[in-house]
Amino acid sequence: MEFLIISFIIGYLIFKNNSLKKSLGNLTQEINNINIKQNDTSNLNKNRKSTEEIIESIKRSTYYYKEKNFWDSSLEKEVYFIINNFIKNKSIKVEILPHVSLRELFKPTNDFQNRNLKQLSSYHIDILLLSEKSFVPLLAIEIDGAHHELNDKQRIRDAFKNSLLKRNGINLLRLKLNNCNSEFIENELTKLLTEAPIYCPECGGKMIEKFNSKTGEKFLGCSNFSSLDCKHSKLIDYKII
């Protein structure tokens with residue numbers, strides 16, 4: 001009987017000893033894990049730059065430099081002022097902008113977003129005429145130097161612009177070296193802007209011919225009257241030029 005009691009006590013002590021060892025081992029492991037996490041967090045904080053440090057890094061950056069000349073050529077500058085003076089003298093209802101990036105005019109479809117976004121960003125329209133106030137593109141003007149016919153890469157870029165503008169219903173006037181004079185430019189602008197659609201200055205919708213059932217008069221009304229409740233209207237004889 002005494003032997004059984006002694007054996008039970010010894011067994012109990014051995015069990016408790018193993019349990020203590022296991023608990024101690026688990027505690028040691030948890031302490032090690034905490035130390036590892038603290039070290040990782042400390043290293044992460046050391047490597048992470050503050051907003052101020054990033055801003056200072058940007059200020060020190062010299063990846064870009066200022067262009068010496070805004071215009072691509074003296075001819076482009078000359079054409080811009082011919083068009084700008086023509087618009088002012090004739091009180092033409094358009095806005096004029098030089099060097100408009102294609103990225104500001106078009107957005108790539110989801111299927112080709114990554115591939116084509118860079119292409120859009122690297123091209124621009126030499127001179128763009130937009131509808132007054134609504135800034136809807138009406139007419140793109142490109143000034144082609146001699147290299148446009150001789151350089152294959154330039155021909156490919158021109159074909160890309162031509163297709164993109166045509167697909168989106170924007171007229172394109174390409175000026176060559178032999179017709180960059182005020183008479184030709186003014187005649188072409190008169191013809192193209194006379195045919196250009198008129199857009200609502202409020203919402204950018206097309207202005208279309210409508211009929212007043214009460215007075216029997218015709219007028220130009222916004223095509224977004226039903227969808228956007230845009231009630232802007234103009235006289236039937238309203239012209240851009």
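Two strands pair if DSSP finds at least two bridges between them. Helices (H or I, at least four residues) and strands (E, at least two) are DSSP runs, numbered from the N terminus.

Three strands form it, 3 strands in an open sheet, in the order E5-E6-E7, with antiparallel pairing. The edges are E5 (207-211) and E7 (233-235), and each pairs on one side only. Neighbouring strands here are turned by 40 degrees against each other on average, direction ignored. For such angles, axes are lines fitted to C-alpha atoms, for helices over the stretch in contact, and angles run from 0 to 180 degrees between N-to-C directions. Strand E6 (residues 218-222) pairs with E7 in the antiparallel sense over 3 bridges. Phenylalanine 219 faces leucine 235 of E7 across that pairing.

A word on provenance. This is a predicted model: local features need pLDDT of at least 70, side-chain atom pairs count only at pLDDT 80 or more, and totals for chains, interfaces and linings use all residues. Residues are numbered from 1 along each chain as its sequence is written, and side-chain values use heavy atoms, with hydrogens and water left out.

Now the mixed sheet. It is open, with 4 strands in the order E1-E2-E3-E4 and mixed pairing. E1 and E4 (171-175) are the edge strands, each pairing on one side only. The twist averages 25 degrees from one strand to the next.

Take E1 and E2. E1 (residues 94-101) pairs with E2 in the antiparallel sense over 7 bridges. Serine 101 sits opposite histidine 124 of E2.

On to E2 and E3. E3 covers residues 137-143, and its antiparallel pairing with E2 runs over 4 bridges. Isoleucine 127 stands opposite isoleucine 141 in E3. Leucine 130 has proline 137 of E3 as its bridge partner. The hairpin of E2 and E3 has 5 residues between the strands, and there lysine 133 takes a positive phi near 70 degrees.

Is E2 enclosed or open? Buried means under 20% relative accessible area, exposed over 50%, partly exposed in between (1.4 Å probe, protein chains only). In E2 (residues 124-131), 7 of the 8 residues are buried, so the strand is largely enclosed by the rest of the structure.

What lies across this sheet? Contact means heavy atoms within 4.5 Å. Helix H7 (residues 152-167) lies across E2, E3 and E4, at about 150 degrees to E4. H8 lies across E1, E2, E3 and E4, at about 170 degrees to E4.

H8 also meets another helix. The axes of H3 (residues 74-90) and H8 (residues 182-195) come within 10 Å and cross at roughly 55 degrees. Angles under 35 degrees count as roughly parallel, over 145 as roughly antiparallel, 65 to 115 as roughly perpendicular and the rest as oblique. H3 and H8 are therefore oblique to each other. On the H3 side, Val79, Ile82, Ile83 and Phe86 meet Ser182, Ile185, Glu186, Leu189 and Thr190 of H8.

Last, the cysteines. How many disulfides does the rule give? A disulfide is a pair of cysteine sulfur atoms within 2.5 Å. By that rule, the count is 0 disulfides. Cysteine 203 is in none, and the nearest cysteine sulfur, that of cysteine 222, is 3.4 Å away. Cysteine 203 is partly exposed, at 32% relative accessible area. Cysteine 230 is in no disulfide either; the nearest cysteine sulfur, that of cysteine 200, is 3.6 Å away. Cysteine 230 is buried, with a relative accessible area of 10%.
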